[in-house]
Amino acid sequence: MHLTFQKPGLAICVQSRPAESSLPRVYLMDISYFSGKFESYLRYKEIPFERITVTHAQLLNTVYAKTGLMKVPVMQTADGHWLSDTSPMIAFLEQAHPSAPVLPADPARRFLALLIEDYCDEWLWRPAMYYRWAFAPDRALNRLRAGREILSGGPLPGRWLAYYFAARQYLVFVRGDGVRRETRPTIEELYLESLSSLSNILREQPFLSGSAPGLVDFAFMGPMFRHFSIDPTPASIMRQRAPEVYEWVARLWNARASSFRARWTSAPRFDSKNWDAIFLRICRDYLPYLLQNARAFRLGRRRFDHASGGVLFRRLRTNAYRVLCRERLRESYLALASASKRQVDRRLNAIDPHWAETLEEDIASGQQDAYELPHRPLPPVGYLEKAWRFLGGTPRDRPASRLKQNNILH
Ligand SMILES: N[C@@H](CCC(=O)N[C@@H](CS)C(=O)NCC(=O)O)C(=O)O
């Protein structure tokens, strides 16, 4: 791996140094959950890329303009196409780079891996945002980092905007996601329990997928790397309670497929009881949440209450993107051949015999086409829209209006 700093915020990560113009460009943030997940995947697969840490201006003028959302990571392929959203991006890149596959070849295991990926992306997001924005040392550090790394270089000083950014993150992702005095212990328990499950798995094998990394490793890397292992409060807990997880984060970051050539086929052993607590959370909390969220979306409700972990999360924002997550999972489950479906059912019915009922209702997100990769060209962004997005970003609770235009262009 060769790393050259060209100018602040821009580096090139190449293995064999092809001509610069032929490299895909990856726009990411060093403090970001999903950037950590995606970058560790690219590093493992040894896919060369130009690494661009985005400023707020690039987020608006490039990322939003090309992908319809102000979210990273995104990739511009060497032939100029735009990709976004880590789950479909990884699926897309697995086809373009089939050696050292990270998706299990067996369809039942592949479905379980996709289910875990979605759970890591969406359900561990709440504790990750909670630890980042609800504790003073974590909030101060990340406000400083956001001001310097993302918000500087614009018309207003980055450190001023960072106060606004921190308040927005707290209101949307902490208060807006049901964090209250009475729900805090449940959220903390989810983090501690995740550490304990991962530690048990990692005591028996170097990676969550087995002897080589696979999709579930990259999925857990989202919350565990850039949030839990770095933000002061959860990182201190991780170091004390789960050194195995702390070590695995670095091991995965440093893993390269070429060193695992003989072991690529190692598939996750989801039958181990070490996965039980994770599957229990998925079946009892996450999938029922996805169903309730999708029903609220269908009824056009902006907020809904959800009981999980013995407490009531009040007035959760209905999340349009997660309707799509459920739709993708439902389609993958229904597409399984009956022998594979029986395998999945056997594993999950042992945890909760009612789990599959959460995927029965067919609730359309209406966003499938909009997230199809690569993105179709989008019309230029107007000044008013830019000013609006500059402050508000593109929250997940409403279907992305710019992506709807993508639908029209299809
Ligand atoms: N589902 C998306 C989520 C991407 C996402 O939420 N990215 C966050 C950083 S971790 C972001 O860019 N936030 C900027 C904002 O909301 O303004 C993925 O898998 O890539």
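Tutor: Helices and strands are here DSSP runs, numbered from the N terminus; a helix has at least four residues and a strand at least two. The model is predicted. As background, most peptide bonds are trans, and most residues other than glycine have a negative phi.

Consider the peptide bonds to begin with. V72 and P73 are joined by a cis peptide bond, with omega at about 5 degrees. P73 belongs to the loop that runs between α2 (56-67) and β5 (74-76). Another cis peptide bond links L373 to P374, and its omega is about -5 degrees. The loop holding P374 lies between α14 (338-349) and α15 (383-392).

Now turn to phi. E46 is a residue other than glycine, yet its phi is positive, near 60 degrees. Its place is the loop between α1 (33-45) and β4 (49-53).

A100 is not a glycine either, and its phi is positive at about 55 degrees. This residue sits in the loop between α3 (86-96) and α4 (107-122). The relative accessibility of A100 is 2%, so A100 counts as buried; the buried class is under 20%.

To review, the cis bonds join V72 to P73 and L373 to P374, while positive phi values occur at E46 and A100.

Conventions: Residues are numbered from 1 along each chain as its sequence is written. This is a predicted model: local features need pLDDT of at least 70, side-chain atom pairs count only at pLDDT 80 or more; totals for chains, interfaces and linings use all residues. Side-chain values use heavy atoms; hydrogens and water are left out. Buried means under 20% relative accessible area, exposed over 50%, partly exposed in between (1.4 Å probe, protein chains only).
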